[in-house]
Amino acid sequence: MSVGFIELDQATLRYPRSETPAVVDISLSVPSGGSVALVGPSGCGKSSVLRLIAGLETATGGRVTVGGGAPGAARGAVGVAFQKSTMLDWRTVLDNVLLPLEVVSGPTGFRARRAEYRERALALLARLGLGEYAHRYPWEMSGGMQQRASLCRALIHEPDLLLLDEPFAALDAFTREDLWGLVQSIWQERRPTTVLVTHDLREAVYLADTVYVFSKGPGRIVHREAIDLPRPRTVEGTFEPAFVEYVQRLRGHIVEVRETDADKEPAHG
Ligand SMILES: Nc1ncnc2c1ncn2[C@@H]1O[C@H](COP(=O)(O)OP(=O)(O)O)[C@@H](O)[C@H]1O
Ligand SMILES: [Mg+2]
């Protein structure tokens, strides 16, 4: 049996001052270089699972391993982009994007390679349509631009592990679809093991090899769908029957989760 790069074995997380756990018995395995998406109603614990994988929270039950060890052990090898931009306001966009390289290389190593890193960061910013904004400050940019800058920062050090928490939420539909293609091509080039949290089922089917559907809180995995569509996937392809069928099937599971929940409500008083 092959062991995944990310392994969750019946992982449960109960936050310190909460009565009920955020997620219960989460078992999932992501092979090295694989790409999975987590979908489900809000509050079902998707971000909590990302936090477990990032090592920002520790499972209160079960086991979580990343690269065979404790999550968060290899700090530099992780790229993270969250829904809310976490850019530092006193640094330019370029200096924000360079931050992971500073962390990975250390001060001396970073100074020695600063020119090369700068070029790399400027090229990536240009690829994400932010070439002209490198020397601006985060607070001078729209939410969508900040999200794209966060994505640059998540990718710049070519991490082995990429954790994306609704990274495209603040973007208009067209920009979002452009970025699906971009993230897919970067993924195909470098194959970071990727976990994407999203509300958008088309986005999940476009980007992931496997989609996990979560029930409402406390979150459990209620369905796992392997997406057997050729790559590279395209926006045009999202309108083809095979693609639409996946989206509808996932939608059916989400509807089921929400209905089951509504049925339970009277019993809870
Ligand atoms: N730091 C925290 N402390 C206590 N409860 C939390 C914390 N973060 C999230 N929760 C709770 O855990 C549950 C799952 O939240 P979250 O993982 O953010 O869900 P999702 O990302 O699917 O919307 C929610 O009930 C939320 O209120
Ligand atoms: Mg969330």
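Ala, Val, Leu, Ile, Met, Phe, Trp, Tyr, Cys and Pro count as nonpolar, Asp, Glu, Lys and Arg as charged, and the others, Gly among them, as polar. The model shown in these views is predicted.

**View 1. The shell around ligand 1, by residue and by class.**

**View 2. Polar atoms facing ligand 1 at Y15, C44 and G45.** Y15 contributes a polar side-chain atom, 3.5 Å from a nitrogen atom of ligand 1. C44 contributes a polar backbone atom, and an oxygen atom of ligand 1 lies 3.2 Å from it. At G45, a backbone N or O atom is 3.0 Å from an oxygen atom of ligand 1. Ligand 1 taken alone exposes 560 Å², and the protein buries 55% of that.

**View 3. Strand β8, covered on both faces.** Strand β8 spans residues 210-214. Of its 5 residues, 5 are buried, so β8 is largely enclosed by the rest of the structure. One side carries T210, Y212 and F214; the other carries V211 and V213. Each of these residues is buried, and buried means under 20% relative accessible area.

**View 4. The strand partners of β8: β3 and β9.** Strand β3 (residues 35-39) pairs with β8 in the parallel sense, over 4 bridges. Within this pair, V39 stands opposite V213 of β8. Strand β9 (residues 221-226) runs antiparallel to β8, and 5 bridges join the two. T210 has A226 of β9 as its bridge partner. The link from β8 to β9 is a hairpin through 6 residues.

View 5. What is the relative accessible area of L207? The value is 7%, so L207 is buried, since buried means under 20%. S35 lies in the range of strand β3 (residues 35-39).

**View 6. L207 and R63, a separated pair.** L207 and R63 are 144 residues apart along the chain. Their C-alpha atoms are separated by 26 Å.

Definitions and conventions:
Residues numbered from 1 in each chain as written. Chains lettered and ligands numbered in written order. Predicted model: local features only at pLDDT ≥ 70, side-chain atom pairs only at ≥ 80, totals over all residues. Heavy atoms only, no water. Near = heavy atom within 4 Å. Polar contact = N/O pair within 3.5 Å; in protein donor to acceptor, adjacent residues only side chain to side chain. Areas by Shrake-Rupley, 256 points an atom, 1.4 Å probe, with all protein chains shown as cover. Buried < 20%, exposed > 50% of the residue type's maximum accessible area, 1.4 Å probe, protein only. Pairing = 2+ DSSP bridges.
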